[in-house]
Amino acid sequence: MQVIKGGLEGTFYLDDIRVAATSPTASGTAVLEERTSGQPETFTLSQNFPNPFNSGTVIRFALPQHEDIELVVYNLAGQQVATLADGVRQAGNYSIHWDGRDDAGRELASGMYLYQLQVKAEKQVKTRKLLLLR
């Protein structure tokens, strides 16, 4: 087991786990991303679990090939409130653990939200609803 200590900033890749470190003064939403090996056959975005949720939820998606993606949460007014994943990802199955906070680190209000996964190059988009209850 390796222990990483210190004032780290940036993105570090360890096997199939992606760890993103920010400076201690930075605020924002807590997002943990995990990738499992395997070769999915199709581009999918699964329903978050649990739904409704209170303190945290998991959003899963699958990429059949190397893609530049963006996973974003919107309120029902269409305003972007949180970016959960952005950038190039290898083919595989992903799980995003999200704490229900916006990009500034504020707790979102109870209500219905939309989360959308977009493959940028192919302009593929999948959208689902989630319910946050505080």
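Mentor: Gladly! Along the sequence, the protein reads β-β-β-β-β-β-β-β-β-β. That comes to 0 helices and 10 strands, where helices (H or I, at least four residues) and strands (E, at least two) are DSSP runs numbered from the N terminus. Before we go further, please keep in mind that this is a predicted model, in which local features need pLDDT of at least 70, side-chain atom pairs count only at pLDDT 80 or more, and totals for chains, interfaces and linings use all residues. Residues are numbered from 1 along each chain as its sequence is written, and side-chain values use heavy atoms, with hydrogens and water left out.

Let's start with the whole protein. Of its 134 residues, 32% are buried; buried means under 20% relative accessible area, exposed over 50%, and partly exposed in between, with a 1.4 Å probe and protein chains only. The protein exposes about 8,000 Å², and carbon and sulfur atoms supply 51% of that area (Shrake-Rupley method with a 1.4 Å probe; for residues, only the protein chains shown count as cover). Among contacts between residues at least 6 apart in sequence, 58% join residues at least 24 apart, a contact being heavy atoms within 4.5 Å.

Most of S8 is covered, with 5 of its 7 residues buried. Strand S3 (residues 31-36) is joined to S8 by 6 bridges, and the two run antiparallel; strands count as paired if DSSP finds at least two bridges between them. Within that pairing, valine 31 has tryptophan 98 of S8 as its bridge partner. S5 also runs antiparallel to S8, and 7 bridges join them. In general, strands of a sheet pair through backbone hydrogen bonds, either parallel or antiparallel.

Leaving aside neighbours within four places in sequence, tryptophan 98 is in contact with Thr29, Ala30, Val31, Phe53, Ser55, Gly56, Thr57, Val73, Ala82, Leu84, Leu108 and Leu130.

Next, the rings. A search of the whole structure finds 2 aromatic pairs; rings of Phe, Tyr and Trp (its six-membered ring) pair if their centres lie within 6.5 Å, and planes under 30 degrees apart count as stacked, over 60 as edge-to-face and the rest as tilted. Phenylalanine 53 and tryptophan 98 have ring centres 5.8 Å apart and planes at 55°, so this pair is tilted. It links distant parts of the chain, with phenylalanine 53 in the loop between strand S4 (44-45) and S5, and tryptophan 98 in S8, 45 residues apart. Phenylalanine 53 and tryptophan 98 are both buried. Phenylalanine 61 and tyrosine 94 form a stacked pair, 5.1 Å centre to centre with 10° between the planes. That pair also links distant parts of the chain: phenylalanine 61 sits in S5 and tyrosine 94 in S8, 33 residues apart. Phenylalanine 61 and tyrosine 94 are buried too.

Finally, a look at other strands that supply the core. An open sheet is formed by 4 strands in the order S7-S6-S9-S10, with antiparallel pairing. Strand S7 (80-89) and strand S10 (124-132) stand at the edges with a single partner strand each, so one side of each is left without a neighbour in the sheet. Strand S9 (residues 111-119) pairs with S10 in the antiparallel sense over 9 bridges, and leucine 117 has lysine 126 in S10 as its bridge partner.
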